[in-house]
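I opened the model to look up how its parts are arranged. My entries are below, in the order I made them.

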There are 2 protein chains.
Amino acid sequence: MLVVKIGGSIFANRANLIADFAAYAKQNKAILCHGGAAESTELAKKTGVETKYLTNESGMKWRYSTAQQLELMQMTLAGKINKTLVAELQKLGVNAIGLSGLDGALLCARQKIVNASEIGADGTAGKLKVVRDDFTGKIDAVNSDLLSLLISNGYTPVIAPLALSENFEPLNTHGDRAAAQIASAMRANALAILTDVDGYFDPFPTNLVKRIDAASLPSTVQNASGGMKRKLVAAQEALGGGVKKVLIANGTKENPLTGALNGNGTTIE
Amino acid sequence: MLVVKIGGSIFANRANLIADFAAYAKQNKAILCHGGAAESTELAKKTGVETKYLTNESGMKWRYSTAQQLELMQMTLAGKINKTLVAELQKLGVNAIGLSGLDGALLCARQKIVNASEIGADGTAGKLKVVRDDFTGKIDAVNSDLLSLLISNGYTPVIAPLALSENFEPLNTHGDRAAAQIASAMRANALAILTDVDGYFDPFPTNLVKRIDAASLPSTVQNASGGMKRKLVAAQEALGGGVKKVLIANGTKENPLTGALNGNGTTIE
């Protein structure tokens, strides 16, 4: 079993990856997870909704997922992106089925109520306060029975990273970490995180790190920043959950999944 | 097996129906189909996309479902409405799973390429021409195996009326007729079409027709017009497909599904 995550940053540039994933999924059990925050931001702009960000005392920054933003995410993640990927895979002979984490309670999460500051239009953080209307969640259960049922009947799941809260409200979750939780729950052999860079660089952009072993992963996480840091945290969660290896690679190249499986990019094991 | 269709016109006023459907679905096998054209029109307005209509020589009028409009429908039908209904049913203890007709090739359809006229802003029809970029379809296959698999494992399907074309493109289909095809494929005992009027009136709005038998249905279809005519066509298709009875009733009343099953509204059998 292989879990593949296609990042929102390469959605517009996905043809190579979709073709390669389809060829793989026709021969093997596979799950496709996706992101799509950029598309939501785009729809927010078009509909006149302001996209805001929060930050905490340790300097992490994330999207302020208000109820209004969640509705836009339902539309872009579970509607536009998920169904577009499903139709493309169907065209390539893969019996894809699109689900969000809400469907069949596939991804259950706890809303993170934290102290955070809203980042203003000028980029400065406001007063630290308890933020209760940020519908961002941390996944704590995956309905692996549903995924197994579908896969054993010939379907290939395509998953949008929304989750169901304890109050049965939709929550936004981080796409890479959702994929890690799914890979762990499904006891996947590998999780491939495909994005718009060739892997983890140290230093960036001159030295691509080909291999990180589990022992050195915590210090690598410490050194990393931004989106790559979260991918490494997701890798840590996947390895901790029993996934044998995590690949971080460029999803826009020719046969990018085959390449990642053959050791292009960064292999973490 | 009961198939319930909740019309887009009562989506904003759905609380009674969702509660009643949830109570039913906890005890019985059921499928919820929905519409949502009005929500798509709303999103089109917000994003500056013009919603146009087509008409044919026999005076039928329908939405001009261009590729751009289909993307909006994916967002509103498969994203917003479908996932909102799923979360609400999950809250009420129903293990709902949302699908569009694209997922697992649930609804396969043929694109209708017809002679039609575009209706201008002034309401007059333009020149009759072959319209190739109207992605509206007529369903010719339902993946009933997928629905049976989910239902026999305790899931309640919630279905958005998009379909997969022969070219694997998303198509818009008529919600009532999609529900009729699903009810036929699943050999449902009944199809309940719940809308914003009490049933079929003749004449409108003074005389609610409580019962229409199969023999008199064709002449009733002839007499009807607009949205009600399409509901009656859907009823005809469902009865023709082996569904025992079709109920058309008001979905906004107290316990509207129980009421419809007890003979409020119009019963067609």
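**Ground rules.** I am reading a predicted model, in which local features need pLDDT of at least 70 and side-chain atom pairs count only at pLDDT 80 or more, while totals for chains, interfaces and linings use all residues. Residues are numbered from 1 along each chain as its sequence is written, and chains are lettered from A and ligands numbered from 1 in the order in which they are written.

**Chain contact.** I looked up where chain A meets chain B, and found 29 residues of chain A in contact with 29 residues of chain B. Contact here means that the C-beta atoms of two residues, placed from the backbone, lie within 7 Å. On the side of chain A that touches chain B, helix H3 (67-91) and strand E5 (96-100) of chain A each supply at least two residues. H3(A) gives the most, with 12 residues. Helices (H or I, at least four residues) and strands (E, at least two) are DSSP runs, numbered from the N terminus.

**Helix H3(A).** I checked its length next. The 25 residues of H3(A) should span 36 Å at 1.5 Å a residue, and its end C-alpha atoms are 34 Å apart, which agrees. The expected span is 1.5 Å times one less than the number of residues. H3(A) bends by about 30° at A:Asn82; the bend is the angle between axes fitted to the seven residues ending there and the seven starting there. I noted that 20 of the 25 residues of H3(A) are buried, so it is largely enclosed by the rest of the structure. Buried means 20 or more other C-beta atoms within 10 Å of a residue's own, exposed means 12 or fewer, and partly exposed lies in between, with C-beta atoms placed from the backbone. Just after H3(A), A:Gly93 has a positive phi of about 90°.

**Sheet.** I then found an open sheet of four strands in chain A, ordered E4-E3-E7-E8 with antiparallel pairing. Strands pair if DSSP finds at least two bridges between them. E4 (61-63) and E8 (129-131) of chain A are at the edges with a single partner strand each, so one side of each has no neighbour in the sheet. Three bridges join E3 (residues 53-55) to E7 (residues 114-119) of chain A.

**A:Tyr53.** Which residue of E7(A) does A:Tyr53 stand opposite? I found A:Ile119 there. A:Tyr53 lies in strand E3 of chain A and counts as partly exposed, with 15 C-beta neighbours inside 10 Å.
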